[in-house]
Amino acid sequence: NLAPNRETIFVRIVNNTTGCANGISNFDVIVNPEPTFNPVSNLSFCDDAVDGDDANGIIQNIDLDSQIPALLGNTQDPDDFIVTFHNSSANVSSGADAILSPYTNTSSTETIFVRIQNKATFCVNDDATFDVIVNPLPDFSVTSPQIVCLNNTPLTISAENPAEIYTYEWTDMAGNVVGNSQTLDVVVGGNYTVTVTTTNGTNCSRTEIISVNESNPAILLPE
């Protein structure tokens, strides 16, 4: 078409035998626009233990549908469109194998391809993408339980073998913050909780508990 969006085509039909013509018919060529989309931010999460493993980069119940309002923006009514999510560019183009929300990812970083179809015109836009990113939790270990000898205090407990630079917060059984370094000196028994948080911008935290038991000094009895 030469005219944008809508153009009238006039039809002339001629009988080759008689030369008689009918030139009063016409129809319109209508070009409907593709749906538009706004680029959206990636969905980032901290790994969790909902699936029984907090170090496998897998998150359950990822709400992909939460991206739809931002994708469509304020000028497109979500009721006018079918928005589906796909794991490959081939599937998003064909509309095959849509993935459902809530979604469970299969790797720590995944690209989600978005297909937006206008219900009235059937026009499709399949250019939108975003990433699902699962960030690792702090990597460290603790030793529990431990024993504090009451005649030889303090006992130093720690978040052991940290893989990176983290921040630390220790609390006692009453919930009082009692330390903010990798180690903590304790003089009484109890359960001490350490929350370790990443410093790389992901703000992911892992919490562990160290149980400390008290031991009194040995008493020497006369023979």
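What follows is a short chat about a predicted model of one protein chain.

Student: What does the secondary structure of the chain come to?

Tutor: The chain has two helices and 13 strands. Keep in mind that this is a predicted model.

Student: Is the chain a compact globule or more spread out?

Tutor: More spread out, because its radius of gyration is 33 Å, well over the 17 Å that the globule rule gives for 223 residues. The C-alpha trace spans about 140 × 30 × 25 Å along its principal axes.

Student: How much of the chain is buried?

Tutor: Buried residues make up 30% of the 223 residues. The chain exposes about 13700 Å², and carbon and sulfur atoms supply 50% of that area.

Student: And what share of the contacts comes from residues 24 or more positions apart?

Tutor: 55%, counting the contacts with a separation of 6 or more.

Student: Let's do the sheets. What is the strand order in the open sheet of four strands?

Tutor: The order is E3-E6-E5-E4, and the pairing is mixed. Strand E3 (43-46) and E4 are at the edges with a single partner strand each, so one side of each has no neighbour in the sheet. From one strand to the next, the twist averages 25 degrees.

Student: Do E3 and E6 run parallel or antiparallel?

Tutor: Parallel, with four bridges joining them. Within this pair, Phe 45 stands opposite Val 134 in E6.

Student: What about the open sheet of five strands?

Tutor: That sheet is ordered E7-E13-E12-E9-E10, also with mixed pairing. Its edge strands are E7 and strand E10 (177-179), each pairing on one side only. The twist there averages 35 degrees from one strand to the next.

Student: How many bridges join E9 to E12?

Tutor: Six, between E9 (residues 166-171) and E12 (residues 190-198), and the two strands run antiparallel. Tyr 168 stands opposite Val 196 in E12.

Student: Back to the start of the chain. How do E1 and E2 pair?

Tutor: E1 (residues 6-14) and E2 (residues 21-30) are antiparallel, with eight bridges between them. Val 11 stands opposite Ser 25 in E2. The two strands form a hairpin with six residues between them, and Gly 19 in that hairpin takes a positive phi near 80 degrees.

Student: Change of topic. Which residues have the most contacts inside the largest nonpolar core?

Tutor: Leu 64, Val 83, Phe 85, Ile 112, Val 114 and Phe 130, in a core of 20 residues. Helix H1 (68-72), strand E4 (81-86), strand E5 (109-118) and strand E6 (124-135) each supply at least two of the core residues. E6 gives the most, with four.

Student: What does Val 114 touch?

Tutor: Leaving out residues up to four places away in sequence, the list includes Leu 71, Val 83, Phe 85, Val 92 and Phe 130. Val 114 also touches Thr 84, Asn 125, Asp 126, Asp 127 and Ala 128.

Student: Now the backbone. Which peptide bonds to proline are cis?

Tutor: One runs from Ser 101 to Pro 102, with omega near 5 degrees. Another runs from Ser 144 to Pro 145, also with omega near 5 degrees. Most peptide bonds are trans.

Student: Where are those two prolines?

Tutor: Pro 102 is in the loop between helix H2 (89-94) and E5. Pro 145 is in the loop between E6 and strand E7 (146-149).

Student: Which residues have a positive phi although they are not glycine?

Tutor: Asp 97 is one, at about 55 degrees, and Phe 122 is another, at about 65 degrees. Asp 97 is found in the loop between H2 and E5, while Phe 122 lies in the loop between E5 and E6.

Student: Is Phe 122 buried or exposed?

Tutor: Exposed, because its relative accessibility is 60% and the cut-off for exposed is over 50%. Asp 97 also counts as exposed, at 59%.

Notes. Residues are numbered from 1 along each chain as its sequence is written. This is a predicted model: local features need pLDDT of at least 70, side-chain atom pairs count only at pLDDT 80 or more; totals for chains, interfaces and linings use all residues. Side-chain values use heavy atoms; hydrogens and water are left out. A nonpolar core is a set of buried Ala, Val, Leu, Ile, Met, Phe, Trp, Tyr and Cys residues joined through side-chain atoms within 4.5 Å. Buried means under 20% relative accessible area, exposed over 50%, partly exposed in between (1.4 Å probe, protein chains only). Contact means heavy atoms within 4.5 Å. Two strands pair if DSSP finds at least two bridges between them. Axes are lines fitted to C-alpha atoms, for helices over the stretch in contact, and angles run from 0 to 180 degrees between N-to-C directions. The radius of gyration is taken over C-alpha atoms; the globule rule is 2.2 Å times the number of residues to the power 0.38. Accessible areas come from the Shrake-Rupley method with a 1.4 Å probe; for residues, only the protein chains shown count as cover.
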